[in-house]
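Below are my notes on the ligand site and the aromatic residues. Please read them against the structure.

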Amino acid sequence: MAKVAFVTGGTRGIGLAVTARLKADGFKVAAGYHGDQAAAEKCASEHACMVVKGNVGDFADCTRAVQAVEAELGPIDVLVNNAGITRDAMLHKMTPEQWNEVIMVNLASIFNTSRQVIEGMRARGYGRIINISSINGQKGQMGQTNYSAAKAGVIGFTKALALESANKGITVNAVAPGYIDTEMMAGVPSGVLEKIVGGIPVGRLGKAEEIAACVAFLAREDASFITGSTVTVNGGQYVAG
Ligand code: CAA
């Protein structure tokens, strides 16, 4: 029977590519979204997937969203924690709102969603949790104390939950994308973007599909001996140890 995947932030950017890839690989997919109704409708019709609206930064809203997915598609086998935002500013200009929003949406969210599915995965003896971190959680990035802290936190969470889950048939891994050609890059000033691309040995931005391919690999049943890992997909921009 087809396995069920829930991809947060699954209707745009990297998440949309993950939704499309997992659907093509035979999963029943639910894509979470927050505000962009038009993108959600397009995703649902183009990829024949369920879409579910909600705020990953809010625990109760995640309870409701996960219940809706499981009622329609069945128990979630694969959770992809992809939803994320940037609110870039140097720390000396950063507001508490910019800090809090990024921590809630990029870090608290993975507790809020994983907590909903972990008991069922443990009871069934199977699960895949894949958390989207970032190169900037590995190396730090000027203008991103909030984002780098959240994305580094994602890696710590991944390692701890992997240890808790290893004997229950559940793997928990992180993927750390580099700079990928999505809407998120629109916020980067153009002069800065040129500097960034100049520092990528492959010589270009990554493609969302290249991240999706990595997520799809970790989501496979036979990726069962990979857990607690952080897979870097960054065109050689940062070669993490
Ligand atoms: N790489 C190299 N240099 C950078 C840089 C970067 N990522 N970000 C900023 N700089 C440099 C600027 O070029 C500038 O240098 P000069 O003074 O030599 O011109 C200097 O830092 C100051 O920058 P600004 O003049 O832009 O200062 P500001 O206060 O107006 O803004 C900033 C600072 C918010 C950091 C802004 O430059 C910015 O948004 N930079 C991009 C930060 C970034 O890389 N964000 C990643 C977004 S994509 C993402 O997050 C996805 C992911 O996971 C990878």
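1. Helix α7 gives the largest share of the shell around the ligand, three residues. The elements that contribute two or more residues to this shell are α5 (135-139) and α7 (190-198); helices here are DSSP runs (H or I, at least four residues), numbered from the N terminus.

2. This is a predicted model, in which local features need pLDDT of at least 70 and side-chain atom pairs pLDDT 80 or more, while totals for chains, interfaces and linings use all residues. Residues are numbered from 1 along each chain as its sequence is written, and side-chain values use heavy atoms, with hydrogens and water left out.

3. The ligand is surrounded by 21 residues, each with a heavy atom within 4 Å of it. Asp 88, Lys 93, Ser 134, Gln 141 and Tyr 147 are the closest.

4. Tyr 147 has a side-chain N or O atom 2.6 Å from a ligand oxygen, and for Lys 93 the corresponding distance to a ligand oxygen is 2.8 Å. Gln 141 places a polar side-chain atom 2.7 Å from a ligand nitrogen. The protein buries 67% of the 970 Å² that the ligand exposes when taken alone (Shrake-Rupley method, 1.4 Å probe).

5. The structure holds one aromatic pair (ring centres within 6.5 Å). The ring centres of Phe 59 and Phe 111 are 5.7 Å apart and their planes at 25°, so the pair is stacked (planes under 30 degrees apart). Phe 59 belongs to helix α3 (residues 59-73) and Phe 111 to helix α4 (residues 96-124), so the pair ties together parts 52 residues apart in sequence.

Notes:
Polar contact = N/O pair within 3.5 Å; in protein donor to acceptor, adjacent residues only side chain to side chain. Phe/Tyr/Trp six-rings, centres within 6.5 Å; stacked < 30°, edge-to-face > 60°.
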